[in-house]
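Hello,

Please find the structure we talked about just below. Have a look at it first, then read my notes.

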Amino acid sequence: MSETVLSVQNIKRDYHVSGGLFSKARTVHAVKGVSFSVEKGKTLAIVGESGCGKSTLARIITLIDAPTSGSLQIDGQTVDIAQNGLTSDLRRKVQIVFQNPYGSLNPRQKIGDVLGEPLKINTDTPASERRDRAMAMLKKVGLSEEHFNRYPHMFSGGQRQRIAIARALMLNPKLLVLDEPVSALDLSVQAQVLNLLADLQDEFQLTYVFISHDLSVVRYIADEVMVMYFGEAVEYGTRDEVFANPKHSYTQTLFAATPRADVESIRARVAKKRAAA
Amino acid sequence: MPLLAIKNLSVSFLTSTGPFMAVNGIDITVDAREVLAIVGESGSGKSVSMLAVMGLLPDSATVKADSMVFDGIDLLRLEPKERRRIIGRDVAMIFQEPMASLNPCFTVGFQIEEVLRVHMNMDRSQRRKRAIELLTAVGIPDPADRLKSYPHQMSGGQCQRVMIAIAIACNPKLLIADEPTTALDVTIQKQILDLLVGLQQEHGMGMIMITHNMGVVAETADRVVVQYKGRKMEEADVLSLFENPQSNYTKALLAALPENATGDRLPTVGDYQMEVEDSTAVKTPPLEAPL
């Protein structure tokens with residue numbers, strides 16, 4: 001039986017930019033009416049260029065920002081943080097992993113404390129249990145006990161992203177928002193982190209909203225794909241539909257721009273260059 | 001004769017735990033009119049070896065090489081003053097972060113004209129004319145107006161175009177591009193790569209493309225050098241590298257591409273036996289955080 005974890009109807013978000021000495025106040029429509037839903041254990045990928053509103057959408061889903069209009073249901077429950085505020089109950093359901101693992105960890109906090117903090121803030125777990133659970137989570141994401149008392153600067157980018165994922169999972173969330181989690185990582189490390197995400201999804205039946213601009217990663221990880229362009233969802237469907245038959249011209253541009261690394265296209269390019277020379 | 005021939009280049013940095021070998025005995029050659037890609041993950045020494053060519057490494061670095069011949073001149077035997085005449089004019093470099101590599105305090109026009117003032121014997125009006133020409137060549141609309149813009153008034157892709165304009169200002173023989181598109185969107189990446197390859201062919205430059213993106217390699221390179229932990233793992237023309245990779249590291253890199261995924265899991269570099277581990281019995285001090 002499938003169960004809808006996240007459902008979003010006609011979400012809009014405007015930002016008001018106050019005028020300066022020479023400019024008038026204006027309104028930026030960052031997200032212009034987007035609707036979608038994600039079922040439990042599935043991955044929705046949101047694709048688009050910088051400035052298309054995908055990170056704004058991530059902030060709304062993660063309950064950091066309130067939408068200007070539209071409604072949001074998480075786990076069957078209607079959520080309106082502008083009206084009712086954010087409860088720790090809600091915070092336990094949704095967590096986020098940010099793009100830059102160098103910026104998202106406090107350099108003065110030891111890894112053990114990084115992992116314990118979500119529990120400390122949102123639950124009344126005793127310190128000893130927090131420690132045990134942090135230790136267990138550290139192993140789950142492929143790090144070991146000796147890393148518990150280290151600081152973020154002592155880790156590589158891939159390891160830091162593992163820590164950020166571990167922190168997000170400390171509260172056993174249902175929904176995990178991943179805002180470009182692998183775009184700052186090398187290819188080989190990217191593969192490790194993608195594998196980890198797939199394993200964790202299987203184990204905990206996690207639901208992912210995966211934000212990315214890398215179509216090859218999206219094709220690998222997503223069940224459903226939504227393409228955003230200037231704040232609007234221009235394409236939304238299952239992965240195979242979108243990849244097999246992109247309808248909107250922007251999606252087609254995106255596909256055409258993605259570098260192709262298969263032998264046939266390299267052969268074609270080399271032959272073309274020879275002919276030109 | 002190759003345009004650039006480096007033999008046995010080693011770069012080591014002084015660290016608190018002793019010398020660290022960032023580049024360990026690498027040979028690189030580039031011919032005129034050729035695009036060479038250097039691929040590797042972060043820490044593989046791909047940028048450092050090119051910074052050594054440019055002479056841009058900090059004092060804590062020791063550069064050793066049997067020879068580093070550019071266009072018939074051994075760069076290592078040059079006086080710094082003579083070397084500066086070549087660097088920036090005949091060899092130019094583009095960096096990864098376009099926003100960070102332009103000076104925010106000066107207009108784009110000033111920064112393009114600065115190169116021309118230093119390296120070319122041009123008067124003010126010639127410089128201005130050439131700057132407009134360059135901005136047109138890199139595809140910036142309204143070039144005459146844009147000369148007055150500051151970097152923060154332009155997008156990332158446009159800043160990278162300005163960087164390219166600065167790099168090709170003196171018609172260099174060799175252009176080194178260090179991850180020129182990593183910070184950019186795919187659609188902009190495509191435009192910048194097309195622009196670079198177009199300029200390279202038009203001007204008959206040699207080009208070195210440093211990248212960790214196998215897609216970029218596949219789209220631009222004639223020949224590829226794969227680097228790992230400061231050593232050269234493999235060198236091949238682009239087609240044979242993708243068709244029939246020789247070293248285990250290259251195989252691992254290609255297998256880690258999500259589009260080549262066959263099963264549920266992506267193979268990672270750790271799944272492959274790495275021949276480099278045996279050969280680096282040489283002192284590479286342990287890193288603080290082993291992967």
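Here is what was found in it.

This is a predicted model: local features need pLDDT of at least 70, side-chain atom pairs count only at pLDDT 80 or more, and totals for chains, interfaces and linings use all residues. Residues are numbered from 1 along each chain as its sequence is written, chains are lettered from A and ligands numbered from 1 in the order written, and side-chain values use heavy atoms, without hydrogens and water.

Start with chain A. It holds 11 helices and 10 strands. Both are DSSP runs numbered from the N terminus: helices are H or I with at least four residues, strands are E with at least two. Chain A has a radius of gyration of 20 Å, close to the 19 Å from the globule rule for 277 residues, so it is as compact as a globular protein of that length. The radius is taken over C-alpha atoms, and the rule is 2.2 Å times the number of residues to the power 0.38. The C-alpha trace spans about 70 × 55 × 45 Å along its principal axes.

Next, burial. Of the 277 residues in chain A, 52% count as buried (under 20% relative accessible area, 1.4 Å probe, protein chains only).

Now the records. In chain A the span is 37% helix and 27% strand, with end C-alpha atoms 28 Å apart. In chain B the span is 40% helix and 27% strand, with end C-alpha atoms 27 Å apart.

Best wishes

Key. Buried means under 20% relative accessible area, exposed over 50%, partly exposed in between (1.4 Å probe, protein chains only).
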